[in-house]
Amino acid sequence: MRGSIASAEAPLRAPRGADPAVLCRALVLVCAPRGALVAGLMVGVVGCHPPASAPVDAPKDMSLVAAGEGAGAVERAPAAEAGEGEVAVSDVSGDMVNLDAAPRADERWRARDPAYVAFEGACEGEGASIVVAAVGDLLLHHELQIQAFAAPERHRALWAGVEDLLMRADLTYGNLEGPMAAGLDREGREVDDPGLVFDRVVYTAYPRFNFHASLAEDLVRSGFDVVSTANNHALDRGALGVDRTIAALRAAKLAYTGTRARGDAAARWYTITRSKGIGVAWLACTELMNVRPDAEGQVLRCGDEAVEATIRALKEDRSVDAVIVTPHWGKEYAPEPRASQVTLARRWAEAGATAIFGSHPHVNQRWERLVTSGGREALVIYSLGNFASHQPELPRRSSALFYVGLRRGADGQTRVFGARYVPLHVRQEGDRFFVEAVDRVGGPAESRAHTTGIFGEANLIRPEEALRLAPHCGD
Ligand SMILES: [Zn+2]
């Protein structure tokens, strides 16, 4: 379903309280007598989760997308229909087939949903594990800054509807798309700071952003642990702006990666977070810069040799279990990654990256499981999309919160074992903006269909579901 935008499809709404698994089985029963093709299409409809992944609560909305690849998919029989100790599935014509002869669980899920990502060994292992949450751009256009300055919760008011979802991960990441430089104007000159006032001198939005330093504290309170500061807006307040941003991040104890203060050439570009005994090294870089030159060499560029060399060094560092690279790359608003993004992702995975979370296009771009020449797996999400912004077009206000599981195996290597995502949408109410989980607030269906059109339905997780990151493991 990758790349196919489903918004043209008419959404089929499931009645509230309907169990999607029951609905799917009903569709199979209705369609089976009319031929396997029709039935296959119905089973391939994205609303059809196997019972193992069905949430306790029914979805508020089921946007159904026809999937040509759905023909031939199998629907698991309800437990009551299988004999004691017998594992069986029924195919679309109602015949029973033996699971021993069937493809592996992850392959069956992929046959049903080509966008499904699954990892080797996902269902095994007792080693330490963590959940990493990742969201896209914090791109606070002027309305969002004005709203935040006026709200008692400040910036947290923008994403209050998903704050619990950010906090439930062990580590939470986002792209900070602009400086937090108190007392600097657009040219990077020192002026009086107005405080929490959107004065359009110190605090500004496009084309040169500058956020209030309280954003760092608000991000920490919302569960964020690490942000990228390497992006095309990094120098929107000049070299001094980079220094002040770093000072604000340090004061708030929010880890950052991708920039360094002037005169600190020895400073490392990466940061290491530790959670449950797992050390994750984060390394950000940017392909583009709006303000040039970077005379003081404060922003890591994705084309630099240093990126790959740093990944290699981190891979060999015994205090580091996983390396997550967060490039700011690609073409704005392009639904597909450029060939150069794909090439870089493969090179970095080969060098030792465990996962790669991209940003900058302001829309979501697909994800992919990469396998290195040595057989090691990595996950790349080419673009995380906008997290909080005012960009009115549907693909720019639709994004996702990704949960990525990392687990240390018996061999001591830490790998991705699963990934899920929660569709997000920025709702506008007058001049106010709210980041919301689509399945929590019941829509909009077009936004949900857009996001599932990119990442499939099988890895989707509803806000109220337990964080089980490898859905096929229940099969
Ligand atoms: Zn950007």
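User: Which residue stands opposite Val-380 in S13?
Analyst: That's Glu-368. Bear in mind that this is a predicted model.

User: Okay, and how do S12 and S13 run, and how many bridges join them?
Analyst: S12 and S13 run antiparallel, and seven bridges join them. They form a hairpin with five residues between the strands. In that hairpin Gly-375 takes a positive phi near 90 degrees.

User: Is S13 mostly covered or mostly open?
Analyst: Mostly covered: eight of its eight residues are buried.

User: What about S11 and S13, how do those run?
Analyst: Parallel, joined by three bridges. There, Ala-355 stands opposite Leu-379 in S13.

User: What's the strand order in the open sheet?
Analyst: The order is S8-S9-S10-S11-S13-S12, six strands with mixed pairing. The edges are S8 (270-275) and S12 (364-371), each of which pairs on one side only. Neighbouring strands here are turned by 15 degrees against each other on average, ignoring direction.

User: In what sense do S9 and S10 pair?
Analyst: In the parallel sense, over seven bridges, with S9 covering residues 278-286 and S10 residues 322-328.

User: Which residues of H9 are buried?
Analyst: Gln-341, Leu-344, Ala-345, Trp-348 and Ala-349. They cover an arc of only 135 degrees around the axis, so they sit on the same side of H9. On the other side, Ala-339 and Thr-343 are exposed.

User: Why would residues three or four places apart point the same way?
Analyst: Because an α-helix has 3.6 residues a turn.

User: And what do the buried residues of H9 pack against?
Analyst: Helix H8 (305-316), plus S10, S11 (355-357), S12 and S13 (377-384).

User: At what angle do H8 and H9 pack?
Analyst: About 30 degrees, with their axes 8 Å apart. That makes H8 roughly parallel to H9, because angles under 35 degrees count that way. Glu-308, Ile-311, Arg-312 and Lys-315 of H8 make the contact with Arg-347, Trp-348 and Ala-351 of H9. Trp-348 is also on the list of buried residues in H9.

User: What follows H9?
Analyst: Gly-352, whose phi is positive, near 135 degrees.

User: How many residues of H12 are buried?
Analyst: Ten of its eleven, in a helix covering residues 445-455. Among them are Arg-448, His-450, Ile-454 and Phe-455.

User: What do they pack against?
Analyst: The buried residues of H12 pack against S12, H10 (394-397), S15 (398-408), S16 (414-429) and H11 (438-441). H12 is followed by Gly-456, which has a positive phi near 75 degrees.

User: Zooming out, how many helices and strands are in the protein?
Analyst: Twelve helices and 17 strands. The protein has 475 residues, and 52% of them count as buried.

User: And what share of the contacts comes from residues 24 or more positions apart?
Analyst: 73%, counting contacts with a separation of 6 or more.

Note on methods. Residues are numbered from 1 along each chain as its sequence is written. This is a predicted model: local features need pLDDT of at least 70, side-chain atom pairs count only at pLDDT 80 or more; totals for chains, interfaces and linings use all residues. Helices (H or I, at least four residues) and strands (E, at least two) are DSSP runs, numbered from the N terminus. A residue is buried if 20 or more other C-beta atoms lie within 10 Å of its own, exposed if 12 or fewer, and partly exposed in between; C-beta atoms are placed from the backbone. Two residues are in contact if their C-beta atoms, placed from the backbone, lie within 7 Å. Two strands pair if DSSP finds at least two bridges between them. Axes are lines fitted to C-alpha atoms, for helices over the stretch in contact, and angles run from 0 to 180 degrees between N-to-C directions. The arc is that of the directions from the helix axis to the C-beta atoms. Angles under 35 degrees count as roughly parallel, over 145 as roughly antiparallel, 65 to 115 as roughly perpendicular and the rest as oblique.
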